[in-house]
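Work through these exercises with the model on screen. Try each task before reading its solution.

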Amino acid sequence: MKKTPLWVGVCLCPLFSQVVHAEFIADSKAELTLRNFYFDRDYKKDPYPYTAARDWAQGLIFKGQSGYTEGTVGFGVDVLAMAGFNLMGSRADDYTRSGLLPVNTDNSRDDYYGKIGITGKAKFRKNELFVGDLVPQLPTIFSSPARLFPQTYRGIRFVSNEIPNLQLEGFYVDEVRQRDSIRYTDVGTDNINHRFRGGSGNLN
């Protein structure tokens, strides 16, 4: 039975701590999502070496968000933990990757995999700064929810609501963790299915 490391993240508020104040705890929230995903896409023509992309997986997504500590500048932390389980077993090895599960060099899938992301945050008046794992939903950079797990990016996000009726947002990312991967890679363009004339990293 093949396995990859499974990381489970739980955000526990230290109620006994002298430095953590009421807002940090009272404004905290946690969410657990269970997602069952079956993906089946047939390939009828060459040059595909596989007849289909096919996977069935169960996913668990835990989101924990703290409030902010008291003071002129408040501090907090967010946690995003994900665990995915292969429900097809070795039968999935006969098909190409679907984006649900990591695929080894021999096209096999492991029984399960997991990943965790941590984001530190700070707040000053109506300004917030986030550093670490990010899941953006913007026109210019978007974390796709179209598979078992979303993409996550490593970077910095700044949000300001100082001006009434106007939100200013700045973003910088340098690495991305794809939906079916536990590792970060450099941010760039891709053309995995060769649907466009330009190759990977080529916008022409």
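Buried means under 20% relative accessible area, exposed means over 50%, and partly exposed lies in between (1.4 Å probe, protein chains only). The model is predicted: local features need pLDDT of at least 70, side-chain atom pairs count only at pLDDT 80 or more, and totals for chains, interfaces and linings use all residues. Residues are numbered from 1 along each chain as its sequence is written, and side-chain values use heavy atoms, with hydrogens and water left out.

**Exercise 1. Chain layout**

Task: list the elements of the protein chain in order from the N terminus.

Solution. 
- Step 1: count the elements. The protein chain has one helix and eight strands. Helices (H or I, at least four residues) and strands (E, at least two) are DSSP runs, numbered from the N terminus.
- Step 2: read the order. The run is α-β-β-β-β-β-β-β-β.
- Step 3: check burial. Of the 204 residues, 38% count as buried.

**Exercise 2. Salt bridges of Arg154**

Task: find the salt-bridge partners Asp174 and Glu175 of Arg154, and classify each residue as buried or partly exposed.

Solution. 
- Step 1: apply the cut-off. A salt bridge is a side-chain nitrogen of Lys or Arg within 4 Å of a carboxyl oxygen of Asp or Glu. Side chains of opposite charge can pair when their charged atoms come close.
- Step 2: take the Asp174 pair. Arg154 and Asp174 meet at 2.7 Å, N to O. Arg154 lies in strand 6 and Asp174 in strand 7, so this bridge ties together parts 20 residues apart in sequence.
- Step 3: take the Glu175 pair. Glu175 and Arg154 meet at 3.6 Å, N to O. Glu175 is in strand 7 and Arg154 in strand 6, 21 residues apart.
- Step 4: classify. Glu175 is buried because its relative accessible area is 18%. Arg154 is partly exposed at 35%. Asp174 is partly exposed at 27%.

**Exercise 3. Asp40 and Arg54**

Task: which strands does the salt bridge between Asp40 and Arg54 link?

Solution. 
- Step 1: check the distance. The closest N and O atoms of Asp40 and Arg54 are 3.0 Å apart.
- Step 2: locate the ends. Asp40 is in strand 1 and Arg54 in strand 2, 14 residues apart.
- Step 3: classify. Asp40 has 38% relative accessibility, so Asp40 counts as partly exposed. Arg54 is buried at 17%.
- Step 4: A search of the structure finds 10 salt bridges.

**Exercise 4. The second largest pocket**

Task: describe the lining of the second largest pocket by element and by class.

Solution. 
- Step 1: define it. On a 1 Å grid over the protein atoms alone, a cavity is a set of points where a 1.4 Å probe fits but cannot get out; a pocket is an open set with protein on both sides within 12 Å along at least five of seven lines; lining residues have an atom within 4 Å of a point.
- Step 2: count the lining. There are 28 residues, with Lys63, Gln65, Leu80, Leu134 and Val135 nearest the centre.
- Step 3: assign elements. Those giving two or more residues are strand 1 (29–42), strand 2 (52–65), strand 3 (73–86), strand 4 (112–124), strand 5 and strand 7 (168–177). Strand 1 gives the most, with five.
- Step 4: sort by class. The lining has 13 nonpolar, seven polar and eight charged residues. Ala, Val, Leu, Ile, Met, Phe, Trp, Tyr, Cys and Pro count as nonpolar, Asp, Glu, Lys and Arg as charged, and the others, Gly among them, as polar.
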